[in-house]
Amino acid sequence: LQVYLSEEKAIQNFPVLQMITKPLEEVTRDARAMSRMMKRVGLPAKIEVVPCESQIGGGSLPLERLKSMAVAIHPEKISVAELEERMRHLPVPIIPRTVNDTILLDMRTLDKSAPKLVTQQLKELDVLEEISLIEGR
């Protein structure tokens, strides 16, 4: 409770407060960086940065939304539903938002280590898909 007495300390110590107070410019920079990273590894998907809204949550703020930016993924080899299912079963599960047949990764809701981890895991998913197609699995 002592941490909450200082707004600065509370923001430093609670990830959800960091996410809520993160400036849109920083969220946009992070989304562009993650998009570039994903394009560099050659994922079989159309990758783009799109505006979105983050919902703060239920409880005392059930309808509060914040402007945000997301990395949109449009898979080329599999359906959005299949990609979402595979993402949920990764070693470190990725729980994306699906809107209008598009996977959205809201950058406001990801920590600093997420872009590298997400990109690496999605790249490995593609490698596994190619191996299983070659071997007839």
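1. Leaving aside residues up to four places away in sequence, E84 touches P96, T98 and I103. E84 is part of helix α4. With a relative accessible area of 18%, E84 is buried, because the cut-off for that label is under 20%.

2. Next, the helix around E84. Helix α4 covers residues 80-88, and its buried residues include V80, L83, E84 and M87. These residues cover an arc of only 100 degrees around the axis, so they sit on the same side of α4. An α-helix has 3.6 residues a turn, so residues three or four places apart point the same way.

3. S68 belongs to strand β2, which spans residues 65-75. S68 counts as buried because its relative accessibility is 2%, and the cut-off is under 20%. Beyond four places in sequence, S68 touches L24, V27, P51, C52, E53, S54, D106, M107 and R108.

4. Now the confidence of the prediction. The average pLDDT of the protein is 82, and 74% of the residues score at least 70.

5. One stretch calls for caution. Over residues 130-137, pLDDT stays under 50. For this stretch the model has three contacts beyond four places in sequence. Where pLDDT is low, the predicted coordinates should not be read in detail.

Key: Residues numbered from 1 in each chain as written. Predicted model: local features only at pLDDT ≥ 70, side-chain atom pairs only at ≥ 80, totals over all residues. Heavy atoms only, no water. Buried < 20%, exposed > 50% of the residue type's maximum accessible area, 1.4 Å probe, protein only. Helix = DSSP H or I, 4+ residues; strand = E, 2+ residues; numbered from the N terminus. Arc of directions from axis to C-beta. Contact = heavy atoms within 4.5 Å. pLDDT = per-residue confidence, 0-100.
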